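Subject: Structure for you to look through

Dear colleague,

I am passing on the structure we spoke about, and below it I have written out what was found in it. Please keep the model open beside this message while you read.

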Amino acid sequence: MSPRRINLALQGGGAHGAFTWGVLDRLLDEEDIEIAAISGTSAGALNGAAFKAGMLKGGREGARENLDWLWAQVAARGDLRMTTWMNAFSPAPGMIAQALEYSLPFSVIETASRVTSPYMLGPFYRNPLDPIVRRFAYDRICARDAPALFVSATNVRTGKIRVFEHEEITTEAILASACLPTLFQAVELDDPKTGEREAFWDGGYAGNPALFPLFPAEFPDDIVVVNINPLERADLPVTPQDILNRINEVSFNSSLLRELRAIEFVRGLIAEGKVEAGAMKNVLIHMIADDDLMRELSVATKLVPSPPVLAGLKAAGQAAAERFLEGHKEDIGVRPSVDLREMFG
């Protein structure tokens, strides 16, 4: 039996990307599922790069080991050490989120980020992800072997999305994809596409993640979106923290929703026979998410990689992938498992 080929679209969301770690870990158990291409932004780019490098080195087990290594490194970068006392008791991630959000150290840092710039640090500035990303195996990440990898960042000058692929994926490209401008200095690099030295911010502003790189004919029709930013929240945010958190979620989902709407429009044209068969790709969208869990978390748990939260997110990702496989594995290659018409109705 031929494998079920899928593309992965991996959202960014800081430390919440550990959810995607769990999803990938579970998908690796499915020997009959082949990942043809990955489009990743921010944490999704880190996950995608670690996955591909590990896969090309040691197959499925190599991918799993490389993802484990990545998130062990991320956990070690935590800078609010007051979470350490929680590790022994491992409370629910939502409880840690609230404790972090209202803690004095986080409040001070969060307030400072609103009135200061990372450029004020001068020679003392260091990107905390740099030591991790520089250790990636770029000979494998940039290889033409499957899975294809696409990394998105936002061009500060033009406001447009920049998708890096193949040899363009460097340490700087991945750091650019994960560059939140209130925390990190823009990542600058010489861009051969424009012939200029360009500055980049987090790709989530322009594509979280970008789906269009997955449209070429050589890739399968199925795109599995791993969503780590809740699309909906029932309650009106009223506290400063909740308002800022929801602004972040809305802005980081907007580009994805625009692409999903375009996909549904094209699918409608195909279904009505208004587009010649084969002229446009009939994309089949699937989604793996746990919005209930993500609604319990906040911007605090995105920025502070607390080990118990990362462990909880990984487990939640594994469980969400399990639910998807139980309910929709047979849909792969046949039909979408997300009703986009209902989503936008």
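His166 lies in the loop between β4 (161–165) and α7 (171–177), where helices (H or I, at least four residues) and strands (E, at least two) are DSSP runs numbered from the N terminus. Although His166 is not a glycine, its phi is positive, at about 50 degrees, and with a relative accessible area of 23% His166 is partly exposed. In these terms, buried means under 20% relative accessible area, exposed means over 50%, and partly exposed is in between (1.4 Å probe, protein chains only).

Please bear in mind that this is a predicted model, in which local features need pLDDT of at least 70 and side-chain atom pairs count only at pLDDT 80 or more, while totals for chains, interfaces and linings use all residues. Residues are numbered from 1 along each chain as its sequence is written, and side-chain values use heavy atoms, with hydrogens and water left out.

Ser42 also has a positive phi without being a glycine, here near 55 degrees. Ser42 is found in the loop between β2 (33–41) and α2 (43–75), and it is buried, with a relative accessible area of 7%.

The bond from Ala146 to Pro147 has omega near 5 degrees, and Pro147 lies in the loop between α6 (138–141) and β3 (148–155). The bond that joins Asn208 and Pro209 is cis as well, with omega about -10 degrees, and Pro209 is found in the loop between β6 and β7 (222–227).

Next come the charged pairs. Side chains of opposite charge can pair when their charged atoms come close. A salt bridge is counted here when a side-chain nitrogen of Lys or Arg is within 4 Å of a carboxyl oxygen of Asp or Glu, and by this rule the count comes to 28 salt bridges. One of them joins the side chains of Arg162 and Glu168, at 3.2 Å from N to O; Arg162 is buried, with a relative accessible area of 6%, whereas Glu168 is partly exposed at 23%. Another is formed by Lys274 with Glu272, whose closest N and O atoms are 3.0 Å apart, and both Lys274 and Glu272 are exposed.

How far apart are the closest N and O atoms in the salt bridge of Asp292 with Arg295? They are 2.8 Å apart, and because Asp292 and Arg295 are 3 residues apart in helix α9 (residues 291–296), they are separated by about one helical turn. Asp292 is exposed, with a relative accessible area of 53%, and Arg295 is partly exposed, at 29%. Elsewhere, salt bridges link a network of residues, among them Arg4, Asp25, Arg26, Glu61, Arg64, Glu322 and Lys329.

About 490 Å³ of space lies in the second largest pocket. Of the 19 residues that line the second largest pocket, the closest to its centre are Leu231, Met287, Asp291, Val338 and Met343. On a 1 Å grid over the protein atoms alone, a pocket is an open set of points where a 1.4 Å probe fits, with protein on both sides within 12 Å along at least five of seven lines, and lining residues have an atom within 4 Å of a point. Grid points are joined across faces, edges and corners, and a volume is the space filled by probe spheres set on the points.

At least two residues of this lining come from each of α8 (240–271), β8 (284–289), α11 (307–328) and α12 (340–344), and the largest share, 4 residues, comes from α11.

Finally, Gly22 is found in helix α1 (residues 18–27) and counts as buried, at 0% relative accessibility. Gly22 and Ala311 are 289 residues apart in sequence, yet 8.9 Å apart in space, C-alpha to C-alpha.

With best wishes
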